[in-house]
Amino acid sequence: MQSIKYDPPKIGYSIREAVAATSLGRTTIYKMLADPACPLKAVRVGGRTIIPAEALHALIAGEA
């Protein structure tokens, strides 16, 4: 009997994951996060920086 693996959709990305997902450079991501005029935002959870999936999707879709 095969087990069914459920992978929930990602709701947040680490910097490394955001770089891989968007094909943007790490420095570019950090510059965008540091720019108050840029709509790309991140949250700190513990010691990690998490970028919400909606923010990345909007950025790539040109909505941000």
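These legends go with close-up views of a predicted model. In this model, local features need pLDDT of at least 70 and side-chain atom pairs count only at pLDDT 80 or more, while totals for chains, interfaces and linings use all residues. Residues are numbered from 1 along each chain as its sequence is written, and side-chain values use heavy atoms, with hydrogens and water left out.

**View 1. Three strands make an open antiparallel sheet in the order E1-E3-E2.** Strands here are DSSP runs (E, at least two residues) numbered from the N terminus, and two strands pair if DSSP finds at least two bridges between them. Strands E1 (12–13) and E2 (43–45) are the edges; each has a single partner strand, so one side of each is left without a neighbour in the sheet. Follow E1 to E3 and you will find two bridges in an antiparallel pairing, with Gly-12 opposite Pro-52 of E3.

**View 2. E2 and E3 form a hairpin with two residues between the strands.** Three bridges join E2 to E3 (residues 48–52), and the two run antiparallel. Val-45 has Arg-48 in E3 as its bridge partner. Look also for Gly-46, which takes a positive phi near 65° in this hairpin.

**View 3. Thr-49 sits in strand E3.** Its side chain joins that of Arg-44 through a polar contact of 2.7 Å (a pair of N or O atoms within 3.5 Å, one able to donate a hydrogen and the other to accept it; residues adjacent in sequence count only if both atoms are side-chain atoms). Setting aside neighbours within four places in sequence, Thr-49 is in contact (heavy atoms within 4.5 Å) with Tyr-13, Ser-14, Ile-15, Ala-42, Val-43 and Arg-44.

**View 4. Helix H1 (residues 15–22) crosses helix H2 (residues 26–34) at roughly 110°.** Helices are DSSP runs (H or I, at least four residues). The axes, lines fitted to C-alpha atoms over the stretch in contact, with angles from 0 to 180 degrees between N-to-C directions, come within 9 Å. H1 and H2 are therefore roughly perpendicular to each other (65 to 115 degrees). Ile-15, Val-19 and Thr-22 of H1 meet Arg-26, Ile-29, Tyr-30 and Leu-33 of H2 in the contact.

How values were computed:
Parallel < 35°, antiparallel > 145°, perpendicular 65-115°, else oblique.
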